[in-house]
Amino acid sequence: MKRTFKFLLILVLSTFVISACSQTSFKDESKLATKTVKTTFNNAPKKPNKKSEKLRFYLPFGYEIKDQSPHNIILKNGSKTYILFNNPNENSSSDVVYKATVAQYKKLETNKTFKEKNKLAYLIIYKLKDDSYEMTIGIGGTKITTQTKTSGLKSEAMALMQIVNSVKTAK
């Protein structure tokens, strides 16, 4: 009886420890996402490999254009949807789109800006429900938004900044 009790106790404690260790905290993932956005922003932009009516931009492997209008491009990667928005009247140093985006929310989990040369980049994370967040990453008048879980913040942040950082007006 004592052996069975000890075994069950160890099993239960092990389960709690493993589950606690495997869950990522928003705070940690948000810090990693912020660092990733800043690093990716400071890197040279990826060479555009896609073109819409008004823009040329880079899309990582697996991403595809689902729909487009003059200022919005709907992207898909598996079951995930992304909205790429471009205001052609705002340059890469403009804060108009950033301020308009921030004004939509009452309370943001993350609101970071980064400046380099003539560019203003930003990362905005808004809590939806459970373990779900709306993440917006932008540079000047261009931004991209998606929904993700806590565990996806860092990887999504890198891909989204690569996309936004590569956007150029099509000629």
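Predicted model: local features only at pLDDT ≥ 70, side-chain atom pairs only at ≥ 80, totals over all residues.

**Exercise 1. Get an overview of the protein.** How many helices and strands are there, and in which pattern do they follow each other?

*Solution.* 
- Step 1: Begin with the elements. The protein has 4 helices and 10 strands.
- Step 2: Walk along the sequence. The pattern reads α-α-β-β-β-β-β-α-β-β-β-β-α-β.
- Step 3: Turn to burial. The protein has 171 residues, and 39% of them count as buried.
- Step 4: The accessible surface is about 10700 Å², and carbon and sulfur atoms hold 55% of it.

**Exercise 2. Describe the surroundings of Lys50.** Is Lys50 buried, partly exposed or exposed, and which residues does it touch?

*Solution.* 
- Step 1: Lys50 belongs to strand β1.
- Step 2: Compare its relative accessible area with the cut-offs. The value for Lys50 is 35%. Buried means under 20% and exposed means over 50%, so a value in between counts as partly exposed.
- Step 3: List the contacts, leaving out residues up to four places away in sequence. Lys50 touches Leu55, Arg56, Phe57, Leu59 and Ile65.
- Step 4: Compare sequence with space. Lys50 and Val167 are 117 residues apart in sequence, while their C-alpha atoms are 9.7 Å apart.

**Exercise 3. Follow the strands β6, β7 and β8.** How many bridges join β6 to β7, and how many join β7 to β8?

*Solution.* 
- Step 1: Take β6 (residues 110-116) and β7 (residues 119-127). They pair in the antiparallel sense over 7 bridges, and Thr110 has Ile125 in β7 as a bridge partner.
- Step 2: Look at the turn of this hairpin. There are 2 residues between β6 and β7, and Lys117 has a positive phi near 50 degrees.
- Step 3: Move on to β8 (residues 132-139). It runs antiparallel to β7, with 7 bridges joining the two. Ala121 is the bridge partner of Ile139 in β8.
- Step 4: The hairpin of β7 and β8 has 4 residues between its strands, and Asp130 has a positive phi near 50 degrees.

**Exercise 4. Examine helix α4 and the largest pocket.** Why can α4 be called largely enclosed, and which residues lie nearest the centre of the pocket?

*Solution.* 
- Step 1: Check the helix length. α4 (residues 153-166) has 14 residues and spans 20 Å from first to last C-alpha, close to the 20 Å expected.
- Step 2: Count burial. In α4, 11 of the 14 residues are buried, so the rest of the structure largely encloses this helix. Among them are Leu153, Leu160 and Ile163.
- Step 3: Go to the largest pocket, which holds about 310 Å³ of space. Its lining has 19 residues, and Asn86, Glu90, Thr142, Val167 and Thr169 lie nearest the centre.
- Step 4: Connect the two. α4 and β10 are the elements that give two or more residues to this lining.

How values were computed
Residues numbered from 1 in each chain as written. Heavy atoms only, no water. Buried < 20%, exposed > 50% of the residue type's maximum accessible area, 1.4 Å probe, protein only. Areas by Shrake-Rupley, 256 points an atom, 1.4 Å probe, with all protein chains shown as cover. Expected span 1.5 Å × (residues − 1). Contact = heavy atoms within 4.5 Å. 1 Å grid on protein atoms, 1.4 Å probe; cavity = no way out; pocket = protein on both sides within 12 Å on 5 of 7 lines; lining within 4 Å. Points joined across faces, edges and corners; volume = space filled by probe spheres on them. Pairing = 2+ DSSP bridges.
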